[in-house]
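Hi everyone, thanks for making the time. I'd like to walk you through one structure today, so please have a look at it while I talk.

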Amino acid sequence: MSQKKRRHASHEETERPSKKTAVRQGPSEVVKVSMLPEEDEWAPIVASTPGLSFIPDIPLEAYKKRRDHEPPSIGKTYTRTSEHLLHTSSHPKIDYIAQEEEGRSDSLLSHYLGVFDPGSGQLQLVRARKLVLRSKVRPVVSIGERAVKPEDVRKPHLQPNLVTSLILTTPQGLSARNTLGLTFGTKKSQRAIEALTKNAISPSKPSRLAAGQTQPALDPIASAVISSMAATTSIPSREELQAAVDESKPRPNPNPGAENPADVYPIEKLVGPEVLRQMTIKEWQDAVEAGKEILTKSRFVSHRIQNIVSGGDVRKLKTLKYLLLLLEWYGALPSPSKIGGRKVPGPEKLHSTLSGWSSSLIDGVTHRFSGQGRMVTRWHLDNLITHICALAVTIDGFTTDLYDLQQDLKMELKDLRKYYKEIGCQVGPPTEREMKSMGIGKAERRARVVARLKMPLEFPKMRVVRAKKR
């Protein structure tokens, strides 16, 4: 029992007293409360920041204007007939604005600010304004957009919705959304955006009509576009477009001033003088003089070595050997990968496959007909095949049978015909005279195709797509 009494006594000692101690107010025990009239131009402001972490160091600028409508309250005081607003743009990316918000649960709750004088015992109260501080990320204003000026907001005749729109809105967001819609949207959404753009009414149209102007003034972007359009030349003709397309095609560049087929694709351009000097043909010449048969990996080359060596044309014989190098290099390429290109084998493997050739010649062909990372894209492959076709038709005296080269390239005849047409050849069945030189009869004529390099050259024309009739 004694322990229970001690615990009870200690609990009573620590427990708070039920009555508060009177605090002495100062020399005067009586507090006189007075209400200041609301006649001053400005009133105290109490701003809340719901869900917002506001930096106290950011200064806020105060603005005032008359209300459009009076709040539901008895009497017409100054605070009820005027409206205050706080705004700051000191933050580099965020705008802060504080204004009254109607419809809140505490919108009819009044706030007062009091000043107490302990010496005289007087307490003066004045009614304060309740504002809610909100934040908004400042939109980026592009060139040509009119930036909001602080002096525009300070004008007393501006309406509340206009003040808010000047601070919080900009047309840049809408234009960016329209640009995305026109670029990535569906056809239906693109038509809707175009209709909005065509039917849009410029905000400055009434002012332009009042000033007697029918056309709107161009912004800096439009002025730059118009000036660049005026400075450009006329639209290129079809011939100029065709020339630009021909220049970018994967094929050897023909000589535009050529008057005979020998000058269209000179050997010096197809092979190169340095490569011709590196080509050794002594082995072939000795074998032909000894009456030995020369077998190569190319059907086209093997069928022509005997005649060219017998004719004594050293330059053409070196060109034929360079063609053999291109065909063997083409045969060493692997199958196309999943991304569509072919990767040239490594130097060791490639030199091992092409063991009969010098390293400088192999590296020269690799550098000429492959791209970055030793990749042979479709463009590089077409460039290689058109060079092979140009060499073949030049070696055969500008009229060549496609059969041997088709077997070497393991290609469909229709595809090989296209390559010959790309270098300006006329492709068709052999004539009677060509059949005698080829040693074939009429039965074999249907299966043979001949390419002829004639003047004037005939290149494939650029396809023109006509507009559909509506």
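This is a predicted model: local features need pLDDT of at least 70, side-chain atom pairs count only at pLDDT 80 or more; totals for chains, interfaces and linings use all residues.

The chain has 470 residues, and buried ones make up 30% of them. Its secondary structure comes to 22 helices and 12 strands. If you take the contacts between residues at least 6 apart in sequence, 66% of those join residues at least 24 apart.

Now, on to the helix pair. Please find helix 15, residues 314–331, and helix 18, residues 378–395. How do they run relative to each other, parallel or antiparallel? Their axes come within 10 Å and cross at roughly 150°. Angles over 145 degrees count as roughly antiparallel, and therefore that is what we call helix 15 and helix 18. The crossing itself is left-handed.

Which side chains and backbones meet there? On the helix 15 side you'll find Lys 316, Thr 319, Leu 320, Tyr 322, Leu 323, Leu 326, Leu 327, Trp 329 and Tyr 330. Across from them, helix 18 brings Leu 381, Leu 384, Ile 385, Ile 388, Leu 391, Ala 392 and Ile 395. Sorted by class, this contact has 14 nonpolar residues, 1 polar and 1 charged.

Let's stay with helix 18 a moment. From first C-alpha to last, its 18 residues reach 26 Å, close to the 26 Å expected at 1.5 Å a residue. Is helix 18 mostly covered or mostly open? Mostly covered: 16 of its 18 residues are buried. After the helix comes Gly 397, which has a positive phi, near 75°.

Last, the two loop residues. Ala 43 sits in the loop between strand 1 (32–35) and strand 2 (45–48). Is Ala 43 buried or exposed? Its relative accessible area is 18%, and buried means under 20%, so Ala 43 counts as buried.

With a relative accessible area of 33%, Asp 263 is partly exposed. Leaving out residues up to four places away in sequence, Asp 263 touches Asn 255 and Ala 258.

That's my tour, and I'm happy to go back to any part of it.

How values were computed:
Residues are numbered from 1 along each chain as its sequence is written. Side-chain values use heavy atoms; hydrogens and water are left out. Axes are lines fitted to C-alpha atoms, for helices over the stretch in contact, and angles run from 0 to 180 degrees between N-to-C directions. Helices (H or I, at least four residues) and strands (E, at least two) are DSSP runs, numbered from the N terminus. Angles under 35 degrees count as roughly parallel, over 145 as roughly antiparallel, 65 to 115 as roughly perpendicular and the rest as oblique. A crossing is left-handed if the near helix is turned anticlockwise from the far one by less than a right angle, and right-handed if clockwise. Contact means heavy atoms within 4.5 Å. Ala, Val, Leu, Ile, Met, Phe, Trp, Tyr, Cys and Pro count as nonpolar, Asp, Glu, Lys and Arg as charged, and the others, Gly among them, as polar. The expected span of a helix is 1.5 Å times one less than its number of residues. Buried means under 20% relative accessible area, exposed over 50%, partly exposed in between (1.4 Å probe, protein chains only).
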